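Biologist: I am new to this structure. Please show it, then help me read it.

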Amino acid sequence: MSVTGSWMQVLGLNWVVLERTGSATAVGFSVLAGTLPALLVGPFAGALADRVDPRRIIMAGQAVHLGLALLLAVLVWGGAPLGMLYLLTAVSGVVTSVEGPALGRFGAQVVPPEDLPNALALGSLVNSAGRVLGMSLAGVLAAAVGEPALFLVNAVTFLAVISTVRAVRVGELHPLAVSAPERAGLRAGLAHVRANSTLLTLFALGFVLSSLGRNYQVTMAAMSSGPLDAGAEGYGLLSAVFAVGAVIGGLIAARMRGLGAPVLLAAAAITSVLQAVSGLMPGLFGFAALIVAIAAGAVVIDTVMGTRVQLDSAEEMRGRVLSVQGAVAAAAGAVGGPLLGWMCEGLGPGPALVVAGLVTLAVTGCAAVALGVDRRAAARVVEGRVPVAAAAG
């Protein structure tokens, strides 16, 4: 329910911005406003999640989100200036950044470690299904009663999360280790990440894939209002098609046994090639067909990345590692949204997709080399040929 409402709000807000400005760059700055706060508060949120019961953080965050959605509905209905909408988007981004590590840590308490990869994949499936429903309903409701209704529906859905978290049987959760006082701060968490070259490679790859390969909020809007000439209806259709592809990707990831680096790299390479090809498609339906496969690959990438980040880090550092991942994603949104908007306006939406796809493909190749070096170094450590510290980089 909550994911459905959230995607209704995303589509509604993006379309309000695009309708008022006619600018893909303006939509990119809307994305920037929602993601930039994670760069500032994300690392501190991770340290908080490692020390405070994550359920308390989640409950408070959902209550604030509810209030913000109601306020957005009022402001959009009243024709408030875009600056006010950007401001509320930024505040919502702060709350999301604080919640993120707590949600990740709480999720790891719901299931035992051996079930975490499958649970993350099923979570992606639930998110994708909510996205399908949210985008579909958003197009219908926006046309029938206007965009403010989307924000009102989103506000109500936060009650579902609050009720569910309150209903969880605490005694059945799987506790995670808590850091000793000398390892409980932000500095200790950053040191843990810096010492793990595999995590650093994953974060670098994730940054490029998210900034240039995942900002379809911007490129689909630009393609709809530009070369595809599909308007709001086409944008809603593409958003729903993307969500269908995400559901397919969730089903694929949930059935996979080994969610390791080879799966991640293969999915990244395939989606990069498909993105470049999508920029050459002349019609709405051909573009939509590629969007299905791209979305499926994106969910597989997210699932493998989330699995490896959680399982390859120490339990007591989980919140801080997740906060770094969130900060990387926020930086990618902060850079990628405006950059892709600028590329769409300067080069055209199609050529922008081609260039971005080729760049992400090249970076995926570099990541494959780096991860291969890490695996060989780890093997030498096991065989006793090099010191552990050298292998850690």
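Biologist: What share of the contacts in the protein with a separation of 6 or more comes from residues 24 or more positions apart?

Modeller: A contact means heavy atoms within 4.5 Å. Here, residues 24 or more positions apart account for 85% of those contacts. Note that this is a predicted model, where local features need pLDDT of at least 70, side-chain atom pairs count only at pLDDT 80 or more, and totals for chains, interfaces and linings use all residues. Residues are numbered from 1 along each chain as its sequence is written, and side-chain values use heavy atoms, with hydrogens and water left out.

Biologist: How many helices and strands are there?

Modeller: Both are DSSP runs, numbered from the N terminus: helices are H or I, at least four residues, and strands are E, at least two. The protein has 16 helices and 0 strands.

Biologist: Which residues touch the most other members of the largest nonpolar core?

Modeller: In soluble globular proteins, nonpolar side chains tend to be buried together. A nonpolar core is a set of buried Ala, Val, Leu, Ile, Met, Phe, Trp, Tyr and Cys residues joined through side-chain atoms within 4.5 Å. Buried means under 20% relative accessible area, exposed over 50%, partly exposed in between (1.4 Å probe, protein chains only). The largest core has 51 residues, and Leu 85, Tyr 216, Met 220, Phe 287 and Ile 291 touch the most other members. Helix α1 (residues 2-21) gives the largest share, 8 residues. A second, separate core has 27 residues, including Val 193 and Leu 265.

Biologist: Is Val 273 buried or partly exposed?

Modeller: Val 273 lies in helix α12. Its relative accessible area is 40%, so Val 273 is partly exposed.
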